[in-house]
Every structure is written in structure tokens, then in C-alpha cells.
Amino acid sequence: MYIASQKHKENIAEYLLYMWQIEDIIRANGLDIEKIEKNVIDKFQLDPAQKKEMTEWYESLIDMMRRENVEKSGHLQLNKNVIIQLTDLHLALLKDPRFPEYTAEFYKTLPYIVELRAKSGEKPTGEIETCFNALYGMLMLRLQSKEVTAETRQAITISRFLALLSKDYHLDREDKLFPPDQE
């Protein structure tokens, strides 16, 4: 919860990947708050008030996962909303001639996105979600100490693109990307 809050303020891409990991941690613990307390929350050095707050945060996520029917797979609407916001910003940046660096980075990344989408057995996702799926998959491989192929590492030039999008997201949130007097 504390990490999520900090990441949301500083790096929206890291925040989203972290929240996807939290969803998987909740699933791995069977959406059972007692297991989460034992396996996750108790690992932190928290005072009783902080522990209560973190427990309530996990309970609210569990409740959302149940209500949104994402107990087995999928993402919470709050995380989908981040993808939607990033996609909207992505499209706005591509349309605006003031952002040639962003457009160039996207077009350098696009062949990897197309390749990943072609390999994906799932229903097709948008470009931004495809990028996050690739990074999350790489993160999971590393956490499981599994081999990351050279081809996969090469495709992860996506991370530079998402870093640029994340930076622009935060500038936009501060009204520094599209200043009102320039629109």
C-alpha cells in the first residue's frame, strides 16, 4: 500500500506493474486475508495502526477482485483505468507535432509490439497494454529465476518507450505537458 502510493506519485508504469503483482499475490494466497497477513503483511515492520491500514487495503482489493470477477485472472478496473489513461495520453502525444521524440520512440518500439501481439494467444490487446504485458512477463520470469531469451530481452526496448510515456503522464498530471495557454 505504501509502496503503491509512492510509485503512483513517482512512476505510473512501475505503479501499474506493482499493482498487477499485488493482484497475483492476492490470487496466490487464495484471496484469503489471513494468508496474506501471514505471508505478506507480517513481513513488514509495521506498528499496529499501519498493520491495520495495510490489512484493510488488502481486504478492499480482495473485495474488488471478487466484485469484478477477477479472482482467477484479469485486472481490477482501477488498474484498467490506468491503461486507459495512458492510452489516451499516448494517442494525444502521437497526434501532437510538439512531441517528435515520443513519436520516434514509439515507432522504434512498434515492430516489437506487433511481434508480441502476433505471438499472443490471448485476445488482442492495445499497444500500451501489450507493452505492459511484455514487461510484466519479463518481471515474472526473472522473479522465478527462469531464462530470459535474447529475443525477449531485445523486445524489451519497450521499457524505454514506457519510461517516456510515464514521464509524460506525470508532466500531464501537473499540467506541464499541454499547458492550457498552448492548447
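Mentor: Gladly! Keep in mind that this is a predicted model. The protein has nine helices and zero strands, and its C-alpha atoms fill a box of roughly 50 × 45 × 30 Å along the principal axes. Of its 183 residues, 40% are buried.

Trainee: Let me start with two of the helices. Why are H6 and H9 called oblique to each other?

Mentor: Helix H6 (residues 100-119) and helix H9 (residues 158-173) pack at an angle of about 135°, with axes 9 Å apart. An angle over 145 degrees would count as roughly antiparallel, and 65 to 115 as roughly perpendicular. The value for H6 and H9 is about 135°, and the two helices are therefore oblique. As for handedness, H6 passes H9 in a left-handed crossing.

Trainee: Which residues make the contact of H6 with H9?

Mentor: H6 brings Glu-101, Tyr-102, Glu-105, Phe-106, Thr-109, Tyr-112 and Leu-116, while H9 brings Ile-158, Arg-160, Phe-161, Leu-164, Leu-165 and Asp-168. By type, that contact divides into eight nonpolar, one polar and four charged residues.

Trainee: And what makes H2 and H5 roughly antiparallel?

Mentor: H2 and helix H5 (residues 77-95) pack at about 155°, with their axes 10 Å apart. The cut-off for roughly antiparallel is over 145 degrees, and therefore H2 and H5 are described as roughly antiparallel to each other. Their crossing is left-handed.

Trainee: Which residues of H2 and H5 meet?

Mentor: On the H2 side there are Ile-12, Tyr-15, Leu-16, Met-19, Trp-20 and Glu-23, and these meet Leu-78, Asn-79, Val-82, Ile-83 and Leu-86 of H5. The contact of H2 with H5 divides into nine nonpolar, one polar and one charged residue.

Trainee: Now the aromatic rings, please. How many aromatic pairs does a search of the whole structure find?

Mentor: Seven. One of them joins Trp-20 and Phe-132, with 6.2 Å centre to centre and 65° between the planes. This pair links distant parts of the chain: Trp-20 lies in helix H2 (residues 12-28) and Phe-132 in helix H7 (residues 127-143), 112 residues apart.

Trainee: How do you know whether Trp-20 and Phe-132 are buried or exposed?

Mentor: Buried means under 20% relative accessible area. Trp-20 has 1% relative accessibility and so counts as buried. Phe-132 is buried too, because its relative accessible area is 1%.

Trainee: What about Phe-106 and Phe-161: what makes that pair tilted?

Mentor: Their centres are 5.6 Å apart, with 50° between the planes. Stacked needs under 30 degrees and edge-to-face over 60, so at 50° the pair is tilted. Phe-106 sits in helix H6 and Phe-161 in helix H9, 55 residues apart in the chain.

Trainee: And on which side of the burial cut-off do Phe-106 and Phe-161 fall?

Mentor: Phe-106, at 2% relative accessibility, counts as buried, and Phe-161 is buried with a relative accessible area of 0%. Both residues also belong to one aromatic cluster, formed by Tyr-102, Phe-106, Tyr-107 and Phe-161.

Definitions and conventions: Residues numbered from 1 in each chain as written. Predicted model: local features only at pLDDT ≥ 70, side-chain atom pairs only at ≥ 80, totals over all residues. Heavy atoms only, no water. Axes fitted to C-alpha atoms, helices over the stretch in contact; angles between N-to-C directions. Helix = DSSP H or I, 4+ residues; strand = E, 2+ residues; numbered from the N terminus. Parallel < 35°, antiparallel > 145°, perpendicular 65-115°, else oblique. Left-handed = near helix turned anticlockwise from the far one by under 90°. Contact = heavy atoms within 4.5 Å. Nonpolar A, V, L, I, M, F, W, Y, C, P; charged D, E, K, R; others polar. Phe/Tyr/Trp six-rings, centres within 6.5 Å; stacked < 30°, edge-to-face > 60°. Buried < 20%, exposed > 50% of the residue type's maximum accessible area, 1.4 Å probe, protein only.
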